[in-house]
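Please look over the two chains before reading on.

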Amino acid sequence: MAINRDYVGRTFAGGEPYEVSRVKIAEFADAIGDPSPLYRDRAAAQAAGYPDVIAPPTFAIVISMASTARVVVDPGLGVNYAMVVHGEQCFEYSRPIRAGDVVTAQSTITEIRDAGRNAVLTAATEIRTVDGEHVCTAHNTLVDRGGAA
Amino acid sequence: MTGQVTYDDVKPGAELALASYPVTRLSLVRYCGASGDFNVIHWNERIARSVGLPNVIAHGMFTMAEAGRYVTDWAGPRGVIVEFGVRFSSPVVVPDDDVGASIEVSGVVEEKLDDNRVVLVLTARSGGEKVLTRAKAVVRLP
């Protein structure tokens, strides 16, 4: 099935603000097998100069993916999620995400193109605190296998 | 993360020690839950094969997380990643056995930038295949 090119430039926002908790950070750190105390121990994080425990760098995907998922599951876009693999991912950070952050994410589809038999969709997601402070911008490229027009 | 590397310590061209990170089916189940990415190709072998994959594959973001761990371990508690990007060139195939797969990560200091920033170029392999290409992290060191 072909992806709907009309979605290029479309912005998806309006999700509920995401509140970053210490428990979720620790769960994520456990899942990636990283024992660093910066992700679990407030005193250790403060000793390194952070106000509270910080999140591993790729934790940003938890927030950005919830936002891009709203894009990908939009029936009008025409993506078969079981055929989707992750092509590329890049993060630009203003600072580490940390416990206590309350953030929102806004995703924009920046490009849809064909690559052989596949369709490639690129989205940029800005993560900001509810006070407007930029925390991270995530760029992700999804490959819809066999989805070329 | 015992020591703290500083910007002045770092020499362009320096090679970082190789590290190996295990990934099992349990790792993927846990990562599904922690990340919220329940795509069936990461836990259901029947469906993974039916869509043309060799077996269940790891989340690309799991592999990227291990590469991130490699970088933060090197950067130390006061080093912060300012930019981190990868291309997923080949899937990490995770068999349903007690061993699973492993992801081997290595890195080289590509260059030193201003503002205490250092560029690392990373390599990640699994099962003899390069699983990440164009993997690069920019780290700000004390």
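What follows goes from the chains to their contact, and then to the cores.

This is a predicted model, in which local features need pLDDT of at least 70, side-chain atom pairs count only at pLDDT 80 or more, and totals for chains, interfaces and linings use all residues. Residues are numbered from 1 along each chain as its sequence is written, while chains are lettered from A and ligands numbered from 1 in the order in which they are written.

Chain A holds three helices and six strands, where helices (H or I, at least four residues) and strands (E, at least two) are DSSP runs numbered from the N terminus. From the N terminus on, the order in chain A is β-β-α-α-α-β-β-β-β. The C-alpha trace of chain A spans about 55 × 30 × 20 Å along its principal axes. Of its 149 residues, 38% count as buried; a residue is buried if 20 or more other C-beta atoms lie within 10 Å of its own, exposed if 12 or fewer, and partly exposed in between, with C-beta atoms placed from the backbone. Two residues are in contact if their C-beta atoms, placed from the backbone, lie within 7 Å. Among the contacts in chain A with a separation of 6 or more, 72% are between residues 24 or more positions apart.

Chain B has three helices and five strands, in the pattern β-α-α-α-β-β-β-β along the sequence. Its C-alpha atoms fill a box of roughly 50 × 25 × 25 Å, taken along the principal axes. Of the 142 residues of chain B, 39% count as buried. Residues 24 or more positions apart make up 66% of the chain B contacts with a separation of 6 or more.

Next come the strands of chain A. Strand β3 (residues 84-93) of chain A pairs with strand β6 (residues 134-144) of chain A in the antiparallel sense over nine bridges; two strands pair if DSSP finds at least two bridges between them. Within this pairing, A:F91 has A:A138 in β6(A) as its bridge partner. Strand β5 (residues 118-129) of chain A is also joined to β6(A), by ten bridges, and these two run antiparallel. Here A:V120 stands opposite A:V143 in β6(A). The hairpin of β5(A) and β6(A) has four residues between the strands, and A:G132 in that hairpin takes a positive phi near 95 degrees.

Which strand of chain B is joined to β3(A)? It is β2(B), which runs antiparallel to β3(A) and is joined to it by five bridges. A:E92, which lies in β3(A), has B:E83 in β2(B) as its bridge partner. Not counting residues up to four places away in sequence, A:E92 touches A:C136, A:T137 and B:E83. Because 18 other C-beta atoms lie within 10 Å, A:E92 is partly exposed.

The contact as a whole takes 33 residues from chain B and 29 residues from chain A. On the side of chain B that touches chain A, the elements giving two or more residues are α1 (25-35), α3 (60-75) and β2 (80-88) of chain B. That side has 19 nonpolar, seven polar and seven charged residues; Ala, Val, Leu, Ile, Met, Phe, Trp, Tyr, Cys and Pro count as nonpolar, Asp, Glu, Lys and Arg as charged, and the others, Gly among them, as polar.

Helix α3 (residues 60-72) of chain A has 13 residues and reaches 18 Å from its first C-alpha to its last, close to the 18 Å expected; the expected span is 1.5 Å times one less than the number of residues. Its buried residues include A:A60, A:V62 and A:V71. In chain B, 15 of the 16 residues of α3(B) are buried, so this helix is largely enclosed by the rest of the structure. After α3(B) comes B:G76, with a positive phi near 75 degrees.

Last are the nonpolar cores, each a set of buried Ala, Val, Leu, Ile, Met, Phe, Trp, Tyr and Cys residues joined through C-beta atoms within 7 Å. The largest has 68 residues, and those touching the most other members are A:I25, A:F28, A:A60, B:A67, B:V71, B:L122 and B:V139. Its largest share, nine residues, comes from α3(B). A second, separate core of eleven residues includes A:V79, A:I109, A:L121 and A:L142.
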